[in-house]
Amino acid sequence: MNLIFIAPPAAGKGTVSSLLATNYGYQHISTGDLLRKEINSGSELGMQVQEIVNQGDLVSDDIITELLMKELAKVKSGFILDGYPRNVEQAEKLNTIFTSLNIPDYRVIYLAVTEEVATKRALGRIICNKCGRTYNKYFTELAPKVTNICDNCGNALSTRNEDTEETFKYRYQKYLDVTAPVLQYYQDLDKLSTVDANQPSDQVFEDIKKIIEV
Ligand code: AMP
């Protein structure tokens, strides 16, 4: 079953996606990672979206939908969609994409987290720009084994430009205004499951296992 994660920023989507990818072979498609890859490569598209992403604003539906479609057309196994849809228009577009690519089987998982927990996760987040793995310096179970070095590929870790307190607050508000209505959209389609993402990531993972193993 394919999964779509909807959550406020820094709810732990990346961490749980890694666990699902490792344990179940899911392909993790993160639209934020796709954009960061473009920005780091210095491509024309990357330069076009850099400022928008750094400010915590959403890039245009057309740009992100095209990037996503290219990625979805390549998938060979079950996938996790992390970061899309970000608004109701994108949810509607996704329906059309799923129909055109013949993807009928999916479940939407809402990772519910308080603003307080999400803030702590955002401000402690450090990532590997090479393999995309995420760590957190404020949570022992999520810290890298060696300070600031990726366990996976040995690369130096860094913070995301958009993970400042000010930008986080802005992104969180944007989530409430623009993304949260997507939950009702999927509730109406009877596709929505909710998981308490204030829990440690291994417990969140256990709860998701119960959903995908039915
Ligand atoms: P994320 O890693 O999902 O938090 O995404 C990082 C940033 O990429 C967001 O703050 C947006 O600027 C941009 N972004 C990611 N996904 C989308 C999307 N579906 N629509 C518009 N912008 C997006």
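Now the ground rules. This is a predicted model, where local features need pLDDT of at least 70 and side-chain atom pairs count only at pLDDT 80 or more, while totals for chains, interfaces and linings use all residues. Residues are numbered from 1 along each chain as its sequence is written, and side-chain values use heavy atoms, with hydrogens and water left out.

So, the ligand. A nitrogen atom of the ligand is 2.9 Å from an N or O atom in the side chain of Q90. R86 brings a polar side-chain atom to 3.1 Å from a ligand oxygen. D57 uses its backbone: a polar atom there is 2.4 Å from an oxygen of the ligand. How much of the ligand does the protein bury? Alone, the ligand exposes 480 Å², and the protein buries 97% of that. Areas here are Shrake-Rupley with a 1.4 Å probe; for residues, only the protein chains shown count as cover.

Next, the shell. Helices (H or I, at least four residues) and strands (E, at least two) are DSSP runs, numbered from the N terminus.

On to the rings. Rings of Phe, Tyr and Trp (its six-membered ring) pair if their centres lie within 6.5 Å; planes under 30 degrees apart are stacked, over 60 edge-to-face, the rest tilted. That rule gives 8 aromatic pairs. Y24 and Y26 make a tilted one, 6.4 Å centre to centre with 50° between the planes. Is Y26 buried or exposed? Buried, at 9% relative accessible area. Y24 is partly exposed, at 32%. The cut-offs: buried is under 20% relative accessible area, exposed over 50%, partly exposed in between (1.4 Å probe, protein chains only).

F168 and Y172 are also a tilted pair, at 5.9 Å and 40°. Both sit in helix α7, residues 165-179, 4 residues apart, so about one helical turn separates them. F168 is buried, at 1%. Y172 is buried too, at 9%. Then there is a cluster: F79, F98, Y106, Y185 and Y186 form one aromatic group.

Y106 comes up again with a charge. The charged end of K191 sits over the Y106 ring, 4.3 Å from its centre. R121 does this over F139, at 5.9 Å. "Over" requires NZ of Lys or CZ of Arg within 6 Å of the ring centre and within 35 degrees of the ring normal.

Last, the backbone. Y84 and P85 are joined by a cis peptide bond, omega about 5°. P85 is in the loop between β3 (79-82) and α5 (88-100). N102 has a positive phi, near 55°, and is not a glycine. N102 lies in the loop between α5 and β4 (106-112), and is exposed at 64%. N148 also has a positive phi, about 65°. Its loop runs between β6 (134-136) and β7 (157-158), and N148 is partly exposed at 37%.

Conventions
A polar contact is a pair of N or O atoms within 3.5 Å; within protein, one must be able to donate a hydrogen and the other to accept it, and residues adjacent in sequence count only if both atoms are side-chain atoms.
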